[in-house]
Amino acid sequence: MRNNLHVFLGATVADAAARPLHWVYDQKKLSKYIKGKKDFTFLKKNKSPFYNIKTGKVSGYNDVGQVMFKTLLESHKNIEKRFKKNVLKNFGPGSNYWKNLELRKKYKKIKNWRSLVPGPWIHQNIIETIKNIRLKKKFTGGVKVNESDGYCAALPFFLYGYSFKDIENIIKTITVSKISIKFALSKFYILDLALKGAKNPINEFVKNFKKNSYFKSVITEIDKVKKIKNIQHLKAVKKLGMACSYPGTFNSSIHSILNSKNYKSAISKTIKAGGCNCSRVNFIGAYFAALDGLKTIPKSWIKKTDSANEILKQS
């Protein structure tokens with residue numbers, strides 16, 4: 001079955017490159033961490049203030065995409081049902097993610113606790129998804145946050161050419177937030193345009209959907225970003241949004257794309273800006289891989305990414 005998995009590779013490598021600096025919200029502190037370094041991707045020493053995993057591994061954002069990727073490698077039958085089963089296995093009770101969730105609950109009881117969780121960090125959407133899978137809900141996604149997990153989960157599925165309706169159903173297995181679904185679909189339409197050879201996929205998206213009421217708010221956000229295109233990226237991200245939530249994570253991603261000539265410069269710029277860089281690079285990395293092909297992803301970065309070889313085998 002034909003695929004465009006080099007796009008998923010673009011997201012995966014970017015996530016692994018950014019991961020050691022994930023969720024560093026103090027830009028001054030981050031600048032000290034990377035001072036004197038020409039290349040601050042794949043830092044050997046973890047600087048995330050929340051959790052610590054080995055360099056080369058991916059954050060929880062990309063990891064839910066890895067679960068979908070493995071589900072698709074098994075078979076293209078009963079994808080949704082098997083994906084949910086694999087989500088439980090990868091993130092649920094018995095997994096390192098779940099053990100660390102129990103640790104976090106224990107730590108919360110300690111006044112002024114400030115320490116790293118040793119291992120991966122489970123996201124709110126995934127916590128809710130696991131609960132809803134067990135309750136056998138039709139759409140099992142989380143509702144409390146407006147974040148990128150749904151997009152990340154559906155990315156490998158999208159790359160096999162499934163319909164946008166089917167893609168939306170996959171997104172809903174991880175999030176039922178209306179804002180999250182809308183921005184995830186916007187990302188997929190932009191990636192689709194990039195894969196089809198559009199020279200400027202973001203402008204094409206705006207042109208194609210400017211009369212579409214569903215995407216009106218997304219286009220308003222893109223226009224907002226364009227108005228401050230010439231502001232330095234670090235400052236723009238502080239203004240548009242450093243955190244995990246939409247629309248900020250989408251807007252800051254668009255600003256990086258508009259101000260970058262290629263994959264490497266866009267990912268480096270995004271890492272340097274801090275905050276939830278992993279949520280942003282999962283879109284930015286996919287975008288430039290869709291636009292410019294596999295060759296745009298630095299080979300040295302691919303070698304440093306634990307999950308890369310399996311994706312390359314299938315691309």
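I take axes as lines fitted to C-alpha atoms, for helices over the stretch in contact, with angles running from 0 to 180 degrees between N-to-C directions. Helices are DSSP runs (H or I, at least four residues), numbered from the N terminus.

The model is predicted: local features need pLDDT of at least 70, side-chain atom pairs count only at pLDDT 80 or more, and totals for chains, interfaces and linings use all residues. Residues are numbered from 1 along each chain as its sequence is written, and side-chain values use heavy atoms, with hydrogens and water left out.

Helix pair. I looked up helix α9 (residues 178–195) and helix α15 (residues 277–292): their axes come within 7 Å and cross at roughly 20 degrees. That makes α9 roughly parallel to α15 (angles under 35 degrees count as such). I noted Lys187, Ile190, Leu191, Ala194 and Leu195 in α9 meeting Phe283, Ala286, Tyr287, Ala290 and Leu291 in α15. By class, this contact has nine nonpolar, no polar and one charged residues.

Core. Which residues touch the most other members of the largest nonpolar core? I found Tyr151, Leu155, Leu191 and Phe205, out of 101 residues. Such a core is a set of buried Ala, Val, Leu, Ile, Met, Phe, Trp, Tyr and Cys residues joined through side-chain atoms within 4.5 Å; buried means under 20% relative accessible area, exposed over 50% (1.4 Å probe, protein chains only). Leaving aside neighbours within four places in sequence, Tyr151 has contacts (heavy atoms within 4.5 Å) that include Leu191, Phe283 and Ala286.

Lysine. I placed Lys81 in helix α4 (residues 79–91). Lys81 counts as exposed because its relative accessibility is 67%.

Definitions and conventions
Helix = DSSP H or I, 4+ residues; strand = E, 2+ residues; numbered from the N terminus. Parallel < 35°, antiparallel > 145°, perpendicular 65-115°, else oblique. Nonpolar A, V, L, I, M, F, W, Y, C, P; charged D, E, K, R; others polar.
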